[in-house]
Amino acid sequence: MSTPIDAQADTRFFGHPRGLANLFGVEMWERFSFYGMQGILAIYLYYQVDKGGLGIDRSAALGIVGAYGGTVYLATVVGAWIADRLLGSERTLFYSAIVVMIGHIALAVLPGLTGVGVGLACVALGSGGLKGNATSVVGTLYAEGDQRRDAGFTIFYMGINLGGFIGPLLTGLAQQNGGFHLGFGLAAIGMALGLIQYTIGRKNLGAKASEVPNPLPSTQRTLVIGVAVVIIAAIAALIMSGVVTPDNLADVVVYVVVAISVVYFVAILTSKKITSEERSRVLSFIPMYIASAAFFSLYQQQATVVSVYSDQRLDRDLFGWTMPVSWVNSINPVFIIVFAPVVAAIWTKLGPKQPSTPMKFVLGTVLMGAAFLLFLPMAHTGANGSPLIALAGILLVFTIAELMLSPVGLSLATKLAPKVFRTQMVALNFLSVSLGTAMSGKLAQSYDPKDEVPYFSIIGGTAIVVGVVLLALIPFIRKLMKGVH
């Protein structure tokens, strides 16, 4: 009988636990499939049938993409609950990867809106379940105080960006040369490869990865299953009856996320289990929740407006060869790989002199608004007249803005969280991303490639105003944060 592996004492992967290689691989292939599919999704929905698309109205198509993205982050909350109460992080991750693969297969083989509906629902639910739990399992590989932890997470996040870089390149080529379904099929193959290597190495993850932190009592399981069935039936009924349509899907997701967020905030703030100091810190998170949602409503337009811009406004000619639309989606991961260590080193160098978290939110939001204003000088360059180098420069500003805000959001939620509501505060951070992503689809419905100035001016200017208002509120927010930097 073999001896169980102590993952935390393992050094077989360049001094790190062998399980890290496994998690690096499954996350890389999941991001490969996720961003690969997302890179061609919008144009698949609105391209005419003679070009291999579904011929959906472009406005509705962008709304669908945004709503789908919002649902991914909403599903992270569901995935975290399943891991905490039912299956543990490792098994939730494994089953989520299977659901992701099924989703990509559905997009590849099922025709029309049937494939889109089944495929996106599965990918959203699976990616949501995999996203947070993969990170959680990485954390279980290291004992408390293990000096290898930060380096291990750096390696893991390199896998995320490597997959995000390669996915759009290969699926874009497949789509351009063999059609959309070949591109979706390639995404499915990528997820299958990730699942196979993960299955082979599951034994290297150790027992801690499979622990269920807060098991749901068996007496409550029937109730939970009943509630889940009712919710699924209600969603199906709303879609079948025409209440929820492609045109209003982004609106529906926005309303649902806002409602859930309000319930979370009210439940935490009115709880008798938290102290007055903890309540003050939760209140301080509200303006930063709003700023985060505003930031992501612009940043996540890489999957909506930037896709349309790349298709209709960008000069994609490279020495006589037309670059696939989805290749633009590979620019941001390259910038993250290059600049994330630089920004991290700057914060480390500054130490206690670095900007406070609210100030980082201000910088991220204002830079994001400025990035949209940078589209204005190219507003009258005509069809496919905008230079690629200019869009790459704008996406660099996107990246710097992201590095100001996104990495600190999750950390901030854990710092401000009351002891008894730690998971719920993390969920609120993901809900701000979900709201922003759904809003990116709703906003994108107003984008007109032939009349861009109002769109980029208003949205970019609004984001800057949000940042300036947050800047004015910093003294008040810092006071509510009760010593949290």
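Student: Which residues does Val-484 touch, not counting residues up to four places away in sequence?

Tutor: This is a predicted model, in which local features need pLDDT of at least 70 and side-chain atom pairs count only at pLDDT 80 or more, while totals for chains, interfaces and linings use all residues. Residues are numbered from 1 along each chain as its sequence is written, and side-chain values use heavy atoms, with hydrogens and water left out. Contact means heavy atoms within 4.5 Å. On that basis, the residues touched by Val-484 are Arg-281, Lys-415, Leu-416 and Arg-478.

Student: Is Val-484 buried or exposed?

Tutor: Val-484 is found in the segment after α15; helices (H or I, at least four residues) and strands (E, at least two) are DSSP runs, numbered from the N terminus. Buried means under 20% relative accessible area, exposed over 50%, and partly exposed in between (1.4 Å probe, protein chains only). Because its relative accessibility is 13%, Val-484 counts as buried.

Student: Which residues does Met-368 contact, leaving aside its neighbours within four places in sequence?

Tutor: Met-368 is one of the residues that touch the most other members of the largest core. Its contacts beyond those neighbours are Phe-295, Leu-298, Tyr-299, Phe-398 and Ala-401.

Student: Why do α8 and α14 count as roughly antiparallel?

Tutor: Axes are lines fitted to C-alpha atoms, for helices over the stretch in contact, and angles run from 0 to 180 degrees between N-to-C directions. Angles under 35 degrees count as roughly parallel, over 145 as roughly antiparallel, 65 to 115 as roughly perpendicular and the rest as oblique. Helix α8 (residues 249-269) and helix α14 (residues 422-444) have axes 9 Å apart and pack at an angle of about 160 degrees. The pair is therefore roughly antiparallel.

Student: How many nonpolar, polar and charged residues are in the contact of α8 with α14?

Tutor: Among the residues that meet are Val-253, Val-257 and Tyr-264 in α8, and Leu-428, Leu-431 and Leu-435 in α14. Ala, Val, Leu, Ile, Met, Phe, Trp, Tyr, Cys and Pro count as nonpolar, Asp, Glu, Lys and Arg as charged, and the others, Gly among them, as polar. The contact divides into 16 nonpolar, 4 polar and 2 charged residues.

Student: At what angle do α13 and α14 pack?

Tutor: The residues that meet include Leu-410 and Ala-413 in α13, and Met-425 and Phe-430 in α14. The two axes lie 8 Å apart, and the angle is about 150 degrees.

Student: How are α12 and α15 directed relative to each other?

Tutor: The axes of helix α12 (residues 357-373) and helix α15 (residues 453-481) come within 7 Å and cross at roughly 175 degrees. This angle makes α12, relative to α15, roughly antiparallel.

Student: What is the phi of Phe-319?

Tutor: Phe-319 is found in the loop between β1 (317-318) and β2 (321-322). With a relative accessible area of 88%, Phe-319 is exposed. Although Phe-319 is not a glycine, its phi is positive, at about 55 degrees.

Student: What is the relative accessible area of Asn-384?

Tutor: Asn-384 is found in the loop between α12 and α13. Its phi is also positive, near 50 degrees, in a residue other than glycine. Asn-384 is partly exposed, with a relative accessible area of 34%.

Note on methods: Core = buried A, V, L, I, M, F, W, Y, C linked by side-chain atoms within 4.5 Å.
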